[in-house]
Amino acid sequence: MLNLLYKEWKLAVHPTGYIFLSMGAMLLIPNYPYAVVFFYQTLGIFFTFMNGGATNDVFFTTLLPVRKRDVVQARLFTVIALEVLQILLAVPFAVLRCQISPTQNLAGMDANAALFGLVLVMFGVFNVVFLPLFYRSGYKTGTPYLLAVLAMTVVVVAAEAVIQLTPALKQTLDTTAYHPLQMAVLAAGVLLYAVLNLAAYRLSARSFERLDL
Amino acid sequence: MDALTVSHLEKRYPSFHLRDVSFRVQPGRIMGFIGRNGAGKTTTLKSILNLVHPDSGAVQFFGLDMPAHEFAIKQRTACIFGAANYYPQSALKTIAAVYRRFYPTWDEPLYQSYLQRFGLDPNKKIRQLSQGMSIKFALTLALSHHAELLILDEPTSGLDPVSRDELLHIFEDIVDREGASIFFSTHITSDLDKNADNITYIQNGHIIASGDKDAFVASYRKVEGRSEDLPPALKERIIGLHERKGEFSGLLRAADAAGANGLAVTPADLESIMVCTERG
């Protein structure tokens, strides 16, 4: 598995995957829909898969002494690393944002722990739609990406709507001040992210094992 | 124990059917896999490597079942499908650094010697290589981890005659020195005339011959002469008869060649056998 991960970072990850890691700095913008900051990384992931088509990544990899499910697992770990790294790199900016400008974000949720919980769910939904659809063909990226972004958007917009329209949630989750419920949302996000990734792996590995290359 | 045993492999596509494919590659032997474009060579290779899922049949490498022992089998095998047409923006040394990690038997000095022998600069990117050089790089990787079986799809297509000759000598060397086996598909039959021990011939998804090359070639004769000298009974038996301007040429089974008195009968080679068989 380590060898496959080495291959991913050495040959497969598209440079935009690294560039979009820095998008966490956008949390410093006083009024902005912060979920969009994290949407950029799904583009970095998309480019990595799309670039794989141009570089014959799947074919090179499957000829190596590896099982097809290992190929899927290594790619999923890489995707998770890109997503989690982006969140971790965004945390200092979220803290800074609350320190230097404690005014409320008028364009959506504030940069707090609950936002990161929501973003984890958003990434989880993206992964569980995008990866299994991609591994049905091993090369088609366009439709899987569109559907994954659509699913992700629906979840984020719904979550934002519920928070904005429910006064109790708005007061506790959409604020720069700390509230224990934010940590609960983060914990739920971590749990859901893990479950969705497990499902993404199982569905993708099953599709890819069946695929004739 | 055979390096590779393929038994009754079947794979059905809407427009193509791989039918009852069976053959074996013995240890220390070079097996040529011939057939015209679209005959099913690559599909067969992909099926035995589990890249394509056969509908039925069995594949064993070194006595181990595929796909149950896929991981162990692939470590002892080297496969190339044509040129190194992957990661065009990456340097050869970067790709080699990744590739070598997957093979515990990787031999760095051997790898370096192949780089030198083929004139490959490890700092170059794949996209800077010509087709021929790119094939050489793919071969360099495949040859550098002491694989017990090399499975090569069209390894000589796109190479100049000197490089092809050099490669064929390397194949012989690997078989003689390391006791490895080689199974390679090609439509350049003259390469096989030079160094194959065995031949498997696939036509339209079906194996029509598999066995010793010399015996296979010896079972045919080339025949040519003037059309008026060709007895009607013999004409019916000629495989791939071609007539033009009162002259004819074709192929006969060795047993039928006795009746070809007065005609030019010469030993056949793989190309004439394949061309005449496909002509029908």
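Visitor: What makes residues 115–135 of chain A count as helix or strand?

Guide: Helices (H or I, at least four residues) and strands (E, at least two) are DSSP runs, numbered from the N terminus. Over residues 115–135 of chain A, the chain is 100% helix and 0% strand, with its end C-alpha atoms 30 Å apart. This is a predicted model, where local features need pLDDT of at least 70 and side-chain atom pairs count only at pLDDT 80 or more, while totals for chains, interfaces and linings use all residues. Residues are numbered from 1 along each chain as written, chains are lettered from A and ligands numbered from 1 in written order, and side-chain values use heavy atoms, leaving out hydrogens and water.

Visitor: Which residues of chain A does UniProt list as "transmembrane region"?

Guide: The unreviewed UniProt entry lists 12–32, 76–95, 115–135, 147–169 and 181–201 of chain A. Positions follow the numbering used here, feature names are shortened, and such annotations may be inferred rather than shown by experiment. Residues 76–95 of chain A are 100% helix and 0% strand in the model, with end C-alpha atoms 29 Å apart.

Visitor: How many residues of chain B are in contact with chain A?

Guide: Contact means heavy atoms within 4.5 Å, and 27 residues of chain B are in contact with 25 residues of chain A. The two chains bury about 2,500 Å² between them, 65% of it on carbon and sulfur atoms. Buried area is the accessible area (1.4 Å probe) that two parts lose on being put together, summed over both. On the chain B side, L51(B), Y87(B) and F102(B) supply 29% of the area buried against chain A, more than any other three residues.

Visitor: Why is the meeting of D212(A) and K11(B) called a salt bridge?

Guide: The term needs a side-chain nitrogen of Lys or Arg within 4 Å of a carboxyl oxygen of Asp or Glu. The side chains of D212(A) and K11(B) meet at 2.6 Å, N to O, so the pair qualifies. The count between chain B and chain A is 1 salt bridge. Across this interface there are also 10 residue pairs in polar contact, both residues at pLDDT 80 or more. A polar contact is a pair of N or O atoms within 3.5 Å; within protein, one must be able to donate a hydrogen and the other to accept it, and residues adjacent in sequence count only if both atoms are side-chain atoms.

Visitor: Which element of chain B gives the most to the side that touches chain A?

Guide: Helix 3 of chain B does, with 5 residues.

Visitor: What makes R36(B) and E278(B) a salt bridge?

Guide: Their side chains meet at 4.0 Å, N to O. The count between domain 1 and domain 2 of chain B is 1 salt bridge. Domain 1 (4–216) and domain 2 (219–279) of chain B come from the domain assignment, whose bounds are automatic or taken from a database. Their C-alpha centres lie 34 Å apart.

Visitor: What is the peptide bond from M66(B) to P67(B), cis or trans?

Guide: That bond is cis, with omega near 10°. Most peptide bonds are trans. P67(B) is found in the loop between strand 5 (64–66) and helix 2 of chain B.

Visitor: What is the phi of N56(A), positive or negative?

Guide: N56(A) has a positive phi of about 55°, although it is not a glycine. Most residues other than glycine have a negative phi. You can find N56(A) in the loop between helix 3 (35–54) and helix 4 (57–63) of chain A.
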